[in-house]
Amino acid sequence: MRNKVKQQSPQERVKNFNEVSLGFSDEQALLEAKRCIQCKNPLCVKGCPVNVDIPAFIKLIKEGKRKESLAKLKEKNNLPAICGRVCPQEDQCEKECILNKKGMPINIGALERYAADHEVDEPLNRAAEAKQHPEGVKIAVVGSGPAGLTCAADLAKIGHSVTLYESLHIPGGVLSYGIPEFRLPKKIVAGEVEYIKSLGVKVQPDSLVGRAPTVDELFHQGVKAVFVATGAGLPQFLGIPGENLNCIYSANEFLTRINLMKAYRFPEYNTPINIGKRVAVIGGGNVALDCARCAMRLGKDVILVYRRTEAQMPARKEEIENAKEEGFKFSMLTQPVKFSGDDKGFVKGVECIQMKLGEPDASGRRRPVPIEGSNFIIEAETVVVAVGQSPNPLLPASTRGLETTAHGTIKVDENFATSLKGVFAGGDITTGADTVISAMGAGKKAALEIDKYVRSLK
Amino acid sequence: MIAGKANAGQFVVLVIDEKAERIPLTLSDWNKDTGSITLIFQAVGQTTRKLSQLKKGGSILHILGPLGHPTAAESTGTVVTVGGGVGIAEVWPVSRRFKEAGNKVIGIIGARSKDLLILEQEMRASCDELYVVTDDGSYGEKGFVTDALKKVLDSEALRNIHSQVRVYAIGPVPMMKAVSEFTRLLKIRTTVSLNPIMVDATGMCGACRCTVAGKTKFACVDGPDFDGHEVDFAELSKRLTLFKEQEQECATK
């Protein structure tokens, strides 16, 4: 039997922001590790975007060598404590696991987390470990999300002198501002950032590359290559009447206030958030679920409004299950058409239209089509719009010669090179919004290409 | 770094300590040689109160900038710069900038009363003419900045050349609205600098969205300067009340 991870009970966890998953105990980890049949030709490794040697790290857990197991993970994955928590394993390594044929794949995610948390429990002496690479080639990495962290770490491991720029005051990108505490504790993110620093990466927050400094200025300062990993940070709105009413937040604003600025601990933390009793979250992805679950934890009545059906929600299955247990309502096949407000400019409700599924669209999912005359009102004092994020336009717009696509993503070739010499890009800024692990995969491959490029300059 | 890049009309975001908000403040002055910047604020919120209590040599945990587009200050002839209340802190660098660009600059500054009036000498030094008003008449002319603006625009010198005049206004929303409504009648090009609520101030959260010419704009990256005749001021006023309750909760702590 596949060993499941213990979780906080739904009744308990909706009252706090602590991590939902409690992780494997030593016994559970051992039991699960023993289930791995150590395939000669492991398919799981092929399912991993960064090709972690999964059987090897599991074998080390089985042998009781947790520290060595972590070292094995870190050969390929610089952020295992994060991936163990937020990777969609069911679509990657676990999907390919041979035991999945019987529907019982190894719980690789939980084992990865178990190995990685070893370091959180027993922090290594980082200062002693910290390396400096003053002789290395100067490389700038822009954006400290999953792609940037990974690329910076790999370049530093090679021996380059890397500075990682972040516009916010805390590094981590979406890992810090977006994914909530109860899915990814900020202590874990901070720990992984410390690890990256220990590799010799200089982390520079409060730096909006594009404005100050510009990409040109980085080159003038002696930087030989720039990796742009600025992510998909531009919130999409619905573009329907009334969207600028008070208490209608973008998912980014809602999550940034709560996660990054800790508004859930207001007024101890000074950033406020104004949330009424009834909250409507619009969208069906992981971000929408994160918003809904945050609102639940603040004691609100939450309804998730999605224009397709549950089967078509892009969110992870596990998160949908978790969310359902936590007890908020779903309004499927529902498309908002208008927001109404009171005379003071605060939202009162969302006028919606009922949808039905029609022919498949470009994504292969059946396209929702409105049912004429089926309009109805969902009353809500707060609305969170979580219908997607676009690539952040600031750096491309302020960097002359950097070509972008019609979708606003930066154009790159198969080697992550942009239209500007020495400028590389990867992660959501080149693909549009995607997962943490695919951004990490891009960061990893780009690091190799950037290394090749700077060597070619000598 | 910030001083080296600063331009009139731009702002910074700062986080004073670990538990503080990110708040935007306008750059009033800067020295590219020493790297110093000058921020002028009214101690009304938690961060600004903490800022006002900083002693010499004290520090701010995080600061990011310069942000926003600089004021487009080409040479057009005559510019009337209007500052209300703490908005004078921004109209000062903008006035300097218009002057440097070769314009005749007429300044108008106003405050509720004499003790709230700031930067009079600095503005006098930066403008060709300066008019000062207070709501209660405790200093300068009694009245609003719009009263002074009417007089200036109706003066012998400007009356017949409105097409060559430009107005720049920064201050409380009702003031910018009143200025814009008046200049609209005279068809005088008017720029205002908007001050909505912000969080990241880099275009990521959309807290600062405003309606300009019927379209949603992010003041942090699309502005903060916009055409005063196109701004939906009523919406901006309402959006500024979003955290009124929470602000009061903090004020009573």
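Let's start with charge in chain B: the mean positions of its 31 positive and 30 negative charges are 1 Å apart. Here Lys and Arg count as positive and Asp and Glu as negative, with His and the chain ends not counted, and the place of a charge is NZ of Lys, CZ of Arg, CG of Asp or CD of Glu. In chain A, with 62 positive and 54 negative side chains, the two centres lie 3 Å apart.

A quick word on where this comes from. This is a predicted model, where local features need pLDDT of at least 70 and side-chain atom pairs count only at pLDDT 80 or more, while totals for chains, interfaces and linings use all residues. Residues are numbered from 1 along each chain as its sequence is written, chains are lettered from A and ligands numbered from 1 in the order in which they are written, and side-chain values use heavy atoms, leaving out hydrogens and water.

Now, overall form. Chain B has nine helices and 13 strands, and chain A has 19 helices and 18 strands; helices (H or I, at least four residues) and strands (E, at least two) are DSSP runs, numbered from the N terminus. For the 253 residues of chain B, a compact globule would have a radius of gyration near 18 Å, and chain B agrees, at 18 Å. That radius is taken over C-alpha atoms, and the globule rule is 2.2 Å times the number of residues to the power 0.38. Chain A, with 458 residues, also agrees with its globule value: 23 Å.

What about the inside? In chain B, 53% of the residues are buried, and in chain A 60% are. Buried means under 20% relative accessible area, exposed over 50%, and partly exposed in between, using a 1.4 Å probe and protein chains only.

Which helix of chain A is largely enclosed by the rest of the structure? Helix H14, residues 251–260, is, because ten of its ten residues are buried. Among them are A:Phe254, A:Leu255 and A:Ile258, along with A:Glu253 and A:Arg257. Just after H14(A), A:Lys262 takes a positive phi of about 60 degrees.

Last, the cysteines. How many disulfides does the structure hold? Zero, over all chains, where a disulfide is a pair of cysteine sulfur atoms within 2.5 Å. For B:Cys220, the closest cysteine sulfur is in B:Cys208, 3.8 Å away, so too far for a bond. B:Cys205 also has B:Cys208 as its closest partner, at 6.3 Å between sulfurs, again too far. B:Cys205 is buried at 2% relative accessibility, and B:Cys220 is buried at 3%.
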